[in-house]
Amino acid sequence: MAKQPSFTCSNCGAVHSKWSGRCDDCGAWNTITEDIPLSAGPAKAGLGDARGRAIALGTLASEDAPPPRTLSGIAELDRVLGGGLVEASAVLVGGDPGIGKSTMLLQAAAALGRAGLKAAYITGEEAAAQVRMRARRLGLGDAPVQLAAETNLRDILTTLDREAPDVAIIDSIQTMWLDTVGSAPGSVSQVRAAAHELTSFAKRKGTAVILVGHVTKDGQIAGPRVVEHMVDTVLYFEGERGHQFRILRAVKNRFGPADEIGVFEMTGGGLAEVANPSALFLSDRGANTAGSAVFAGIEGTRPVLCEFQALVAPAPAGQARRSVVGWDGGRLAMILAVLEARCGIPFAGLDVYLNVAGGLRITEPAADLAVAAALLSAREDVSLPANTVVFGEISLSGDLRPVGQTDARLKEAEKLGFGAAILPKGAKVSSDAKVAARQMPNLQTLVGDVFGAG
C-alpha cells in the first residue's frame, strides 16, 4: 500500500495529513508544503527476529571532561558561543542580507587556518573567485583556508569526509540540495533534509559545522522551525544598515548562556571587535537633553549601557502615531496606558516616537522605567538629572519591581562616569557601591519627584 503524503508548515514545523491554506497550529497562511520522503523502501510486516543492537548506557556520574573548545580567533564570537567552538557541534547563523554574516565567518575561518586548524569554507551563493576577491579585500588572501563552490550535498559530504576538516562553514543552507529529495533547492523538504545530513555528519565525524541561514521579512530564519531544533546553537546577526554597529546574539546555545551578545563595528577592512560596547553606544551622546534616558541593561552575562530617545509632539486630530525602533511596540503601549491610568499623564492627541540609539534591540523588561522616564522627559520638556542611569520593571498597577544583577549594572555605570541611578525600591544595592542609588516605590513618585507632573 502506498504511503500517504504528509504536509509540513514551514513556519512552525507542524505536520498535517492534507494540504490547507492556513496552518491550524500557528495560524500562518500559505506555509504548508508537501513532504518528499528521503527514501522509499518496502515496509516490513513485522520485526520478527531482526532485533536492534544494544546501546551503551552511561550514568550522570561519568567522569568525562567538559567538551574541548576551539577558539575562533574572534573574541566576541567566542563569547557568544560560550567560550569557543565545541567539537562535533552544529551552529546556525542567521541575519539580514548584507549584514556581514559571510564576512565574519570568512574572518573566523582565516583565523582558524592561521592557528593551525583545518578550516573549510563551502559557498553555494558565490563563485570561488568572488570569495577570494573578498578575502583579499579583507587582508586574508594568504590564509590557509580550503575553499569550494558547490551546492550538491552528496559531493560536499563526500569531500568533507575525505578531508576531515576541524571546522566546516556552509554558506548557505538554503542553497544546498539532495538528489534523494524531489523538490527544488530552498524548499522546506530540501532545507530540513540538508540540515539533518550536515548535523548528522558533525556528530559522526567530530567536525564543527557552521550553517548560514537566510531570514524572512519578519527577521526569522527561513525554512522549517525544526532546523533550529536540530542544531546545537542558533545565532542571529542584528544591526541597522544605517549604523556601523553589528550585534551577534545567541538565542539558543546547548554549550553556554543564551541571549549573550557580541558587538562588532563594520569597517572598510571587515568586522572589528568592540571590547566595551557601552562606551560605543554612548559615544555620540551629546549634552543632557529632554527626551533622553540612559538604561543600564544586561545582555547575557554582560552589562550594557544604551540610550533611549523619545519625542512627543502634537498630532493631527485623530491621527496620533506610535513609532518604535529597537523595542517592543506592545510594551510601549502598556507604558503609555499605565502613565495615563495611574499617573494622570495623558498622551492622547500626541505623536510618540521611541528609539534605541546605535541600532541595539532591547528585550529586557528592566527597560520599562527608562522608557517611562524618556517619555516623561520629552512630554514635560524636562531633562533627567545629569549622569544618571535608569532601570526597573513597571507593573500594571504603577508599582516598580526590582530586577536582577543590580550591582553589575551599577558597576558598569560607575565605570563610564555615571554618579547616580534611579531604580525600584527594594533593589539589593551593595554597600560599597559608589553610584548614588535613588530608589522609588512606584511610577507616581518618579512623575512627582523628578518631573513635577501628574
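How do the residues of the lining of the second largest cavity divide into nonpolar, polar and charged? They divide into five nonpolar, four polar and one charged, where Ala, Val, Leu, Ile, Met, Phe, Trp, Tyr, Cys and Pro count as nonpolar, Asp, Glu, Lys and Arg as charged, and the others, Gly among them, as polar.

## Basis of the model

This is a predicted model, in which local features need pLDDT of at least 70 and side-chain atom pairs count only at pLDDT 80 or more, while totals for chains, interfaces and linings use all residues. Residues are numbered from 1 along each chain as its sequence is written, and side-chain values use heavy atoms, with hydrogens and water left out.

## Domains

The chain is divided into domain 1 (1-33), domain 2 (69-275) and domain 3 (280-451), with bounds that come from an automatic or database domain assignment. The centres of domain 2 and domain 3, taken over C-alpha atoms, are separated by 36 Å. Contact between these two domains (heavy atoms within 4.5 Å) involves 17 residues of domain 2 and 11 residues of domain 3.

## Cavities

On a 1 Å grid over the protein atoms alone, a cavity is a set of points where a 1.4 Å probe fits but cannot get out, whereas a pocket is an open set with protein on both sides within 12 Å along at least five of seven lines; lining residues have an atom within 4 Å of a point. Grid points are joined across faces, edges and corners, and a volume is the space filled by probe spheres set on the points. A search of the whole structure on these terms finds three cavities of 30 Å³ or more.

The largest cavity has a volume of about 70 Å³, and its lining includes Leu81, Leu85, Val91, Met104 and Ile169. Two or more residues of this lining come from each of α1 (75-81), β6 (90-95) and α2 (101-114), with helices (H or I, at least four residues) and strands (E, at least two) taken as DSSP runs numbered from the N terminus. The greatest contribution is that of α2, with three residues, and the lining as a whole comprises 11 nonpolar residues, one polar and no charged. The second largest cavity holds about 40 Å³ of space; among the residues that line this cavity are Arg69, Leu81, Leu85, Val91 and Phe255.

## The largest pocket

The largest pocket has a volume of about 350 Å³ and is lined by 18 residues, of which Asp218, Gly219, Tyr236, Glu238 and Arg361 lie nearest its centre. Domain 2 and domain 3 each provide at least three residues of the lining, which divides into six nonpolar, six polar and six charged residues. Both β11 (233-238) and β12 (245-253) supply at least two lining residues, and β11 gives the most, with three.

## Helix packing

Helix α4 (residues 153-163) and helix α5 (residues 188-205) pack at an angle of about 10 degrees, with their axes 11 Å apart; axes are lines fitted to C-alpha atoms, for helices over the stretch in contact, and angles run from 0 to 180 degrees between N-to-C directions. These two helices, α4 and α5, are therefore roughly parallel to each other, given that angles under 35 degrees count as roughly parallel, over 145 as roughly antiparallel, 65 to 115 as roughly perpendicular and the rest as oblique. In their contact, Leu153, Leu157, Leu160 and Asp161 of α4 meet Ala194, Glu197, Leu198, Phe201 and Lys205 of α5, a set with six nonpolar, no polar and three charged residues.

Helix α8 (residues 329-343) and helix α11 (residues 443-451) pack at about 80 degrees, with axes 10 Å apart, and α8 and α11 are therefore roughly perpendicular to each other. Their contact is made by Val338, Leu339, Arg342 and Cys343 of α8 together with Leu443, Gln444 and Val447 of α11.
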